[in-house]
Amino acid sequence: MMAIKTEPFVLNIGPVHPSTHGVFRMRATLDGEVIVNLEPVFGYLHRGIEKLAEERTYTGIIPLTDRLDYLASMSNNLAYVLAVEKLAGISIPERAEYLRVIIAELQRIASHLIAVGAFLNDCGAFFTPFLYMFREREKIVDLFEMLSGQRLLYNYMRIGGFTQDIPDEFLPALDKFVKQMPSFIDEYDYLLKENEILLARAKGVGILPKELAINISASGPVLRASGVKWDIRKVDPYSIYDRFEFDIPTGTAGDCYDRYRVRVEEMRQSLRIIRQAMEQLPAGPIRSEVPHLVRPPAGEAYGHIEAPKGELGFYLVSDNSIAPYRCHIRAPSLLNLTALRDMMIGWKIQDAIIIFGSIDITMGEVDR
Amino acid sequence: MEVVQRYIYSDTELDRTESEAIEALKENSQQPIPDPDRWLDEELERNILLTSLDTILDWARRSSLWPAICFPACCAFELIAANASRFDLSRFGMEILRASPRQADLMITAGTLTWKMAPQVKRIYDQMAEPKWVIAMGACGISGGIFRSSYNVVPGYNRIVPVDVYVPGCPPRPEALIHGIRMLQNKIAKEHTNIKLSPL
Amino acid sequence: MKFERYGKGIAKGLTVTIRHLLRHPVTAQYPEQRLNVSRRTRGNELIWDKEKCTGCATCAKTCPQGVIHIITSVSAEENKYVVEKFEMDTGYCISCGLCVEACPYEALFMGYAFERAKYQRGELVQADEMLLASAKRRPSGYMHPEIASELPRQTLLVERITEEK
Amino acid sequence: MAIVDSAPTALGRLETLPSDWPVGFWSHWGVFTVVIIAFVLLMVMGFIWLERRGMGRMQARLGPNRAGPFGLLQPVADAIKVLLKENITPAQGDKIVHWLAPVVVFAPTLMIFAVVPFSDGALLADLNVGILYVVAISSISALGVFMAGWASSNKYSLVGAMRNIAAVVSYEIPLVVAIASVVLLTGSLSMNDIVLAQHIPFILLQPLGFLIFFISGCAEINRSPFDLMEADSELVAGFHIEYSGMRFAMFYLAEYSEAVIISAIITTLFLGGWRGPVLPPWLWFIVKVFIVFFVMVWTRTTLPRVRIDQLMALAWKFLFPLALINLFITGIELLTWPEALPWVMILVNIAITAVLVLLWSKFFKLGWGRVEV
Amino acid sequence: MTVSLSAWDVANQIKEQFPDAVSEINDQAILVRSESLFEVAQYLKNRPELNFDYLNYISAVDYFDYFELVYQLISINHNHSLILKTRCYGRDNPTLPSLVSLWRGADFQEREIYDLIGITFKGHPNLKRIVLWDGFQGHPLRKDYL
């Protein structure tokens, strides 16, 4: 029998591709449909945020941080203001702490909704779960719009608290949302959790072993799906997270399905935290006295939070001027992609798409 | 399967050609492309020019604007929100997001454009079949927005593609985008087309 | 694929979509049906109060990217600044609201309207008289609670019962 | 009749069909050609409208409602716009093949309607090998798809076309075997006779056959969950990625007219075709076609896409053996109890289907994860 | 709570092994000589009491005279952290050992530093520009880049 001569070919997936969640590019070398090599190419959304931050005031950077992970602007704001507050030694009022927790958890739900919806969309469920998730996200966006006046890039947090106190109609609306949401999560689970096709597509695909996950500095749901119980909210509680009861959902296999499930469970846990925070929310001021132009003493600080995508940290170096000397961003999306090549080699293009979708990245954060 | 050595390591050849394309485009697009305004003159004469065939054609074109995929950054999510259940662009027949630029009519430039991305966007625009329109969505699309002073950001899509409608905002609300799309539809309604049927 | 559950999962999914078919959609048909935006909305323009403005240019200094151009001259008789030109580019503004927050004389507001699309790039630059408040250019309640309380209540998707539990 | 008599002898064989028509063969031919083209175009528009509106409602939104009343003119607007868009041929593509491919894809879909009965005897050609003709002709479009994929000189389109060939070749087999069991029941290959034989719809007598036919039909025409050749989120637009303007319109049309065909054949084979009380036969036919298509829209809205090796495995490991067993059982039933009461047979067949599907589901293992094809 | 290990204690442990490695110690961080960075990192990772298996982030700061690299190491098992710093002198061709062989999480971060600050990491398997294109002039995050 004569052997057929075959040759691998290079397929460019991206930068403009429906499933690259922005402008990511993968140079995949394929043998038939099987990926034999893959090289991620970044930088199509590199806007130089770290450089721009060096020439802006500490407050003026907050709009920049909005645009990092634009699906979780509030989390970015939170991470940044925590870093600055650590750097300048500012304490914030109790009410603001609670509101920060509520808002950060709402933002986590919103971001996970998109992540889960986009992942299912990548699996090929023709926009339906995505649109359902988007509808739910719209409710959170409404709440955030009520607070900040914008729908996507909120710019709501300030060093020392918030811009404005929450309006009167916020808490009743939040209460309604918290009551409605669990039944929606159940409904989504009913829609696709046990779907045979989804199980076949996602289970056992794109396995990220525990050791590798730690070694590549993965964080967030990607790390937890691999079975590492590592959540900054628990292991290094920032803000007032040590006052709430919640569990850290972890996966076992570290495959796409686990990552999807971990996100869904985290949404439930976030609702739990919001409920507790709403009960305990004290009255009082919303912002501590902070000068208009913050001038932290020379030094350095690293503030980090458990953002929806993973550990988001800001490493700030101050030289006692109104702008940071250096603002380094530890972007979870970028680091989670480190093992992309290992996870994808040997799988088909279709798997590559869902593996990529299950990592849940935002290009604004990857490239910065 | 044995894989040829050159596929394993990153392909520097591809990097070099990409780099050349970026530099060339950067060189050639230092000035903004003027906004198309020929249709404004046509508007004056449209009573004479706009035939009933044009009316039907323009109706068809504005009723089924299929957006191409060009979603670099943040505004994309307001665009998707406009497409999603609550605002539902599909009412205007726009829910078919053609992933292939060949079949799309409208490019909604949702997001910051970097120089590294610029050749790709230019290419998408060139690949779109006539007639085609561009909506510059958001501050980054119009002027570079907050990132204008950055070393890697194109100050506005009108440096590389002609823009029909500018929708300001950072990001614009979905309603604002729909308003922009309706403005574009009004513009299309006034266009006169010389039909040249290309052979099948 | 492994039909461990004999296609039960697929059937469950099908029931969810068919139930949605019978529910009322959540769509607001925009040009006809409008959602009330947030009272604090940061619309696509600035509203400038010429009377209150002292020309201190705090807004221009606070703006993270220098959208606002303000040219003042000193008026000898009244011993104060006279604003000769106040210009901003809505196509460049990111509506972050920092200028409104910073203004010490409450002379600057975010706009309430958002439909500000234009056909020409040049039309997006607004100056002086164009920035004043009018019936079509209402200020929003961002950082101005007294205005916010007069604006209509925001439409919320949570309050609309779209699905029975 | 004089005109029929003067018809060329080559067509003489078909002459027997339309003896009751006023001007004989030619008018029959002319009327039905026009009717079929109009029917296909209208049905495609109806399908596009149904799909977009129905899918919209299932996704908690409205769907197109601006162009015309209820958005009914949306497909018309799309059609006019697409037809008058620029035609682009890739510089490195094969020009002739690129030009020919849409025609090769679209023409067979019209041809199939020659044998689909709209009412008793109301069909262009009552071929005595009708269903065989359908199977034969419908495979031609796969060739067109491959031509398109290859001539575009685009990797995505090539991969899409490859997938399509693989899917069509695999799913043709369970499809034909499922048809065979229907043919066993009727004893005739003619579509008209198949409908006439259905005093009770064959979906009840052949539930397993229907299931197999429906799944492989969906796969054949690349409806979700088997829409691998277009696979929006993976292959961008699949084989027609480089097509624009009128040629893209032909692909779009072909895609939906294939859906019309599969719906029509399912209606004819399993749902009793044009049979039904009260309403006129052609209306029953259209209603049934729409119902079948609605189920396709429904599954498309709900289900994720399968992987290419799973697609293959489903055809070869699940559907093919089941189809064979179904054929075997149908044969045995016909031999042993030819006189059995229909309702007994219905119960027996449904029970057999349930047992078989459950059993096969138990044994059917693709294995999670990596599968080398 | 992630415990920040006392830099003095850890520095003493390092000094036992590598007497010349540590050049400066303050409350938060240990400053290591760039030549012995790799050995120290390897020691920190493999020593069971420390077991820094997680490289949280790498940052580089341009101080005109030198570039300061900041490594935050975390041990998932012991839940403690340590900041390791090193300095890299010279602006023309600053070079440091790469830590990719220890923590693969360093991969993209080192590439990014190479791209934006212009520090070459010896031993990195695929050191090329990550976010900018090949022909880009200069390194934007350097303080003298305009």
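Reader: How far apart are the closest C-alpha atoms of chain C and chain E?
Author: Happy to start there, bearing in mind that this is a predicted model. Contact requires C-beta atoms that lie within 7 Å. No contact joins chain C and chain E. The distance between their closest C-alpha atoms is 17 Å.

Reader: And what separates the nearest C-alpha atoms of chain D and chain E?
Author: These are again two chains that do not touch. Between the nearest C-alpha atoms of chain D and chain E lie 24 Å.

Reader: Which element gives the largest share of the side of chain A that touches chain B?
Author: On this interface, 34 residues of chain A are in contact with 37 residues of chain B. Elements of chain A that give two or more residues to this side include β2 (25-31), β3 (34-41) and α5 (128-148). The largest share is 4 residues, and it comes from α5(A).

Reader: How many nonpolar residues does the side of chain A that touches chain B have?
Author: Let's go class by class. This side of chain A has 9 charged and 7 polar residues. Its nonpolar residues number 18.

Reader: Which strands are at the edge of the sheet in chain A?
Author: The open sheet has 3 strands with antiparallel pairing, in the order β1-β2-β3. Within it, 5 bridges join β1(A) to β2(A), and A:Phe9 stands opposite A:Leu30. An edge strand pairs on one side only, and here those strands are β1 (9-13) and β3 of chain A.

Note on methods. Residues are numbered from 1 along each chain as its sequence is written. Chains are lettered from A and ligands numbered from 1 in the order in which they are written. This is a predicted model: local features need pLDDT of at least 70, side-chain atom pairs count only at pLDDT 80 or more; totals for chains, interfaces and linings use all residues. Ala, Val, Leu, Ile, Met, Phe, Trp, Tyr, Cys and Pro count as nonpolar, Asp, Glu, Lys and Arg as charged, and the others, Gly among them, as polar. Two strands pair if DSSP finds at least two bridges between them.
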